Amino acid sequence: MKLFSLLKNMNVRVLGNVAVEIKGLYHKDTEVKEGGIFFSLRGTRVDGNSYVLSAIKNGAVAVVTEQEIQNLSHVTQVVVKNAREAMSQIACKFFGNPASKLSLIGITGTNGKTTTAGMISSILTSAGKKVGVIGTNGVFVRGERFESGMTTPDPIELQKYFQLMVRAKVEYVVMEVSAHAIELSKIAGFVFDVVAFTNLTEDHLDYFKTMEKYFLAKAKLFQRKHANFAVINADDAYGLRLLSSINLPYVTYSNSGINAMFYANQIKPKGAGQTFKLNGKFDFELGFAGKFNVSNALAAIAVAEHLGFNETEIALGLKSMKPVDGRFNSVLVGEVMVVIDYAHTPDGLKNILCACREIAGDGKLISVFGCGGNRDSAKRPIMGEISADIADYTFVTSDNPRFEKREDIAKDIVKGIKTKNYCVVLDRPKAILEAIKMANAKDVVVVAGKGSETYIDENGEKMPYSDLAEIEKIRRTIK
């Protein structure tokens, strides 16, 4: 494809041959192949211009940069204001604008993205539609899973997946949209049919620094250049704030009985799940406990109704939904229920513990969790306080230490614990084992933080590890 075709309708300054043939797109110099275009991205620690010569040596014939590079007359330079946004726009064109052939649904929020996306996917699949899903648990093309390292893949990878979905005749794509993805312009160049906002609670402040900046990043999704319609959680303070500035048509939802277009009432437990009425009329059933899952379901219902599905189709899809990996997954070890959940924020941990507190009834609730290293450290004592307040006993353990010491992270967590109903066991498998051994019949053990992750990230190495595998190992040994 000629370079000028990729730059059509873009505000750029070109130095060199605009008719050069482009055979591939790259933002890592080591991956560049002959005929490629290299995107020089400015990072928090490094400047992509430092890798331009390496990219050219590997075959780059054009470079997209935010600052003209001197003495580079032998390749074409495309000077832009925002290289990340340009990368997204060019990727859309290079792969044939596949998103325009798909109905796109975007889900953003601190918590609930993966479960809400799973609910929408279940509704659509149950109604006979061909569905793709992009999110924390990977990329799914009509049920076939592809590994992806990020909640929202980088723009080049993302457009490749869109193209793959078009070829697989996918009709709807349900996509988790992270705040980082919005801030880094990964969604430039295509438009969502509908976007949903689940909530905003403390997370990622290592990157965004303040809740205000975190919110403003999320709010960018709710603009006409990115979406045609919005679904907003009216129970969330940031959701209400979003409503005051949004310029999209929208609907609201609530499971707290406040004035919203979609609301739940008569929420009642049923087996391991629950039932509720929508707007006081139509009955829905979920196979998952927790009021927060009713909220997720309302978001899914509102999205599905906007897409034209009726309440009967939606109810069937929700009722038949299979558990999402790493979200409220339960395993019986003897007569003890062990719940695995990805909850890694204060609000997420509070939600899962409160839901399991109800399930435990008069039994004990035991919590096992840690916090990731080199991430928002301010939430650590908050999560320690939450766990100690709600659970009968807490095992503070490790999560993904990355380049921090396990004991330092644990010390931060313990700062928030004002009681003595806890201990620190830095070896995660041992902490899980001790928690299960402490439990009696009908007690509930919550293992939070990693969900379906299959590794522990420590000192630059991702070592194979799974909470589920560890629990299954314990289940086989305990009679």
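**Helix packing and sheet order in the predicted model**

In this predicted model, the axes of helix α13 (residues 379-390) and helix α14 (residues 406-414) come within 6 Å and cross at roughly 60°, where axes are lines fitted to C-alpha atoms, for helices over the stretch in contact, and angles run from 0 to 180 degrees between N-to-C directions. α13 is therefore oblique to α14, given that angles under 35 degrees count as roughly parallel, over 145 as roughly antiparallel, 65 to 115 as roughly perpendicular and the rest as oblique. Arg380, Pro381 and Gly384 of α13 meet Ile409, Asp412 and Ile413 of α14 in this contact, contact meaning heavy atoms within 4.5 Å. Helices (H or I, at least four residues) and strands (E, at least two) are DSSP runs, numbered from the N terminus.

Five strands form an open sheet with mixed pairing in the order β1-β5-β4-β3-β2, two strands being paired if DSSP finds at least two bridges between them. β2 and strand β3 (residues 36-39) run parallel and are joined by three bridges; Leu25 has Ile37 in β3 as its bridge partner.

Residues are numbered from 1 along each chain as its sequence is written, and side-chain values use heavy atoms, with hydrogens and water left out. Local features need pLDDT of at least 70 and side-chain atom pairs count only at pLDDT 80 or more, whereas totals for chains, interfaces and linings use all residues.
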